[in-house]
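Load the model in your viewer and keep the selection panel open. The stops below go in order, each with something to select and a note on what is there.

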Amino acid sequence: MTRFSWFNVTSLTLGFAFLYLPMVILVIYSFNASQLVTVWAGFSTRWYGELFRNEEFLDAAWVTVQVAFYSSTIATVLGTMAAHVMVRGGRFRGRTLFSGMIYAPLVMPEVITGLSLLLLFIGIGMDRGVVTVVLAHTTFSMCYVSVVVSSRLVAFDRSLEEAALDLGASPFDAFRLVTLPIIAPAVISGWLLAFTLSLDDLVIASFTTGPGATTLPIKIFSAVRLGVSPEINALSTLLIGIVTVGVVTTSLVTKRAAVQRAREEQAAQRAT
Amino acid sequence: MVNEKSFAPWDDPDARPLIRFERVTKRFGDFTAIDDLTLDIYEREFFALLGPSGCGKTTMMRMLAGFEEPSEGQILLSGRDIAHVPPNKRAVNMMFQSYALFPHLSVWDNIAFGLRREGKPKEQIEARVQEMLRLTRLEKFARRKPHQISGGQRQRVALARSLAKAPKLLLLDEPLGALDRKLREETQFELMDIQEKTGTTFVIVTHDQEEAMTVASRVAVMDEGRIVQVATPDVIYEAPTSVYVADFIGDVNLIRGTARARDAGPAPEPDAAAPEAVDPVPGAAAPLPQPEGRRPQPNAMGKWLHDRVLYRILGRRPDEPRQLPPPEPARAPAQPAPAPAATPEIPPGGIEIRWSEDTPPLIAANGDPALDGKPVVLALRPEKLGIARERPAAANLLQGKVIDIGYLGNISTYHVELPDGTMVKAQITNTRRVSRRDITWEDEVWLSFSPTAGVVLEE
C-alpha cells in the first residue's frame, strides 16, 4: 500500500467535499424538525411523514416512474436495433452519416430538442400529456442506449453469430438466441441509463408536458420557486438513497460474478 | 495414410466430386482474393487447404460455408450450385478457429443448438447429443459452461457441435491452432479417427504444413488466390512441381544452375538398378554396435597388421574408434581410392546442372532432358543428403564447412557453407548419442547425394 502524503490527503478531502458536501447538507436538513430549511431545530422524521401524505408529490412520482419505464424500454429496443445495424450492417452508403446522426442528440442542447418536439406535437395536433413526454424521452435517451450497446457489439466475437447461422439458425434466431443473451448486460445498463436520464429530466419534460403529466422534477422545480420546503429535502434524500442502493448492489453483483468466473476458469485449466 | 491405395477417387475419371469450384473468382473491392480457381473435392476426403496468411484459403472456406459469395463462377455441392445459398440453408457445417462456443449455453446445449433449429423431436435430439458426447469423450462435461472446461475440451465441443447435424461437409478453420504441441498431435489423430468413423468429408484450412501432411488425404497448396499444386502429401513433398511448393513444404536446399542434357546412351555399368540411395555414405550409415571398450583390443602389432593389410579382406574393425582427432597420417592414403571411377550406379540420361565454375556439375538422372540449356533449380531435401568427413563414393559431391548444427534431439541439421558462400542443409538422424558424433563446427565435410535424390524444377 502506498502511504498518503498530506498533499494527497488534502486534495482527496477537498475533492470529495466539493462533490458530496451539498448532498450531505441536504440529507442532514431533511431530518430537521424546523419548518425553516436553514435553521437546525433538532432531529425529526416529520417531513418524511408529511411527504407520504402529500398527494401531489406521490402522483408526480408515479407519473415519473411510468414515463421513465416506458420511454427507457422503447429507447432500449430502438437503440439496440440501431446499434446492431450500425455495427453489423457492413458497409452501406451513408453509413457514417447515419451513425453520426444517431449520436447527434447527445450533443444537442436540451432546450432545442424540447422546443422542436413541442413544435412537432403542436404541428401534428397531438394533445400533450404522458404520451408526449414518453415519446420525447425516448427520442433523446435512445442514442445513449445505442452508444452503450454498440460499444459492446464492437467487442463481440462475430464468429459466434456466424456459428449460429452455420448451425441453421435464421438471422433473427441468431440474434435472439446468441447475440442478445451475450450482450444482455450492455442492454440492461443501457436501459438503466435511459431510465435515470428520464427520471431527472426537467427541460425536455417541461416543454412537452401537458395537464395531468407533471413529473417529479417539474413538481420539485415549481415547488422550490415558492420556497424550499423540508419536504423536498426528504424527497431528495429518498432519491439519493434509492440510487445509492442501486449502484452498490449492481457493482457487488458484477464483482462477485467476475470473481466466480475467474475461479471456474482456473479450475478448468488445472483439471487438464 | 493407410487407405491410400484403395481410396483415391481423384484418380478415378468416373468419380463425381462432392464439391466443385468452377472458375471461382472473389474480389473484395480492388483486391482479388481468389483468382479463377477450379477445384474438385471428393466424398470422404480429408482435404487440406494450405498456404501462408493472405493466400485466400480462408476466403475459400468462407465461401463454402456461405459467409462470402463468389464474385464469379459456381460452387457446386453434389451437383447443385450453392454459391448464393445462405449459410443457414446448406448442409455444410464449420468448426471455427476461435471455436465460437456460445458462452451462455452449456456444453450439452451448444451441441444441441443445430439440432433444435431443425425442429427435431426431443428424444432424437437427446440421443444424437449423447452420441456426439460419447464420440468426443465429453460425457462428464455435458452440464458445464464453455469457460468451465479446458482448451482441449473446448476444441472437442466445437467439433461435436459441428458434427451433430451430420453435415455432408465439415469445414475446419485452423482447428488446432490454439492447442499446445503435444495436445495438437494427439488431436490430429483423433480428428482422423473421427473423420473415418463418421465418413464425413473434411476440408481443413491451415498454415501448418506438418498438420496438413499428417491429417490430409490430399493437400492443396495456395498462393495469392491460386492453387499451386493439389496432390497427396507424399507427392507434394517428394515431387513438388514448383519452387514455391518445394520451398513452402518442409526444408529444402535450392541450387540454381543451368541444365544440360546427359547422354542417354548405354549405361557405363548396366547392373545399376539405380537404388534410390538415401544415404550413399556407407561409412556414416553403418552404426555398428559399440560396446565401449568391452571387446579385447588388439595390440600395436595387430593393429598395424590389420590397418595395413588385413582390412582389405576383413573390413574395418567393428570397434574401431570412429570419432577421433585426426587419425595417424599413414591411414589417409590407405583409404579406398576416392577416384571418380569408384562412383558407380549413375543411371544414364537426365540432365546435369552446372551451377558453379569451380565444381563439377551435379547429376540429376530424373531431370527432363528437354530442359537442356534452361535455368533450373535443383530442390534437395536436407534428409536426402549424406554428410561425411571423408570423401565418399557418390554421384554428387559438395565440399564445405560446417557453420552451424541445429540439434533437435531425434535429428540434427548441419548448415554447411560451400566455397562460393551457398548454405546447404543436411539432416541426419541421431541414431547414436551426441557424444559419439564425429562432425562438429568448422569441420571440412563432404555432402553427397544420389543422382535421383533431388527434384529438378524450372524457375
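Start by selecting residues 12–31 of chain A: this stretch is 95% helix and 0% strand, with its end C-alpha atoms 28 Å apart. Helices (H or I, at least four residues) and strands (E, at least two) are DSSP runs, numbered from the N terminus. The model is predicted: local features need pLDDT of at least 70, side-chain atom pairs count only at pLDDT 80 or more, and totals for chains, interfaces and linings use all residues. Residues are numbered from 1 along each chain as its sequence is written, while chains are lettered from A and ligands numbered from 1 in the order in which they are written.

The stretch comes from a UniProt record (unreviewed entry), which places "transmembrane region" at residues 12–31, 60–81, 102–124, 130–154, 174–194 and 232–253 of chain A. UniProt positions are given in the numbering used here, feature names are shortened, and annotations may be inferred rather than shown by experiment. Select residues 130–154 of chain A next: they are 100% helix and 0% strand, and the end C-alpha atoms are 35 Å apart.

**Between the chains**

Now show both chains. How many residues of chain A are in contact with chain B? There are 22, meeting 22 residues of chain B; contact means that the C-beta atoms, placed from the backbone, lie within 7 Å. On the chain A side, helix 7 (158–166), helix 8 (171–200) and helix 11 (230–270) each supply at least two residues. Helix 7 of chain A gives the most, with 6 residues. By type, this side of chain A divides into 10 nonpolar, 5 polar and 7 charged residues. Here Ala, Val, Leu, Ile, Met, Phe, Trp, Tyr, Cys and Pro count as nonpolar, Asp, Glu, Lys and Arg as charged, and the others, Gly among them, as polar.

Chain B has 10 helices and 20 strands. For residues 19–249 of chain B, UniProt lists "domain: ABC transporter" (unreviewed entry); this range is 36% helix and 26% strand.

Select the open sheet of 4 strands in chain B, with order 2-1-4-5 and antiparallel pairing. Two strands pair if DSSP finds at least two bridges between them. At the edges are strand 2 (31–41) and strand 5 (80–81) of chain B, each pairing on one side only. Strand 1 (residues 19–28) of chain B is joined to strand 2 of chain B by 7 antiparallel bridges.

**The core**

Which residues touch the most other members of the largest nonpolar core? Among its 114 residues they are Ala48(B), Leu64(B), Leu171(B) and Val203(B). Such a core is a set of buried Ala, Val, Leu, Ile, Met, Phe, Trp, Tyr and Cys residues joined through C-beta atoms within 7 Å; buried means that 20 or more other C-beta atoms lie within 10 Å of the residue's own. Beyond its neighbours within four places in sequence, Ala48(B) contacts residues including Ile204(B), Thr206(B) and Ala212(B). Apart from this core lies another of 40 residues, among them Val133(A), Met142(A), Ile232(A) and Leu235(A).

**Further along chain B**

Finish with strand 11 (residues 253–261) of chain B, which pairs with strand 12 (residues 351–354) of chain B over 4 antiparallel bridges. Thr258(B) stands opposite Arg354(B) in strand 12 of chain B.

How values were computed: Contact = placed C-beta atoms within 7 Å. Buried ≥ 20, exposed ≤ 12 C-beta atoms within 10 Å, placed from the backbone.
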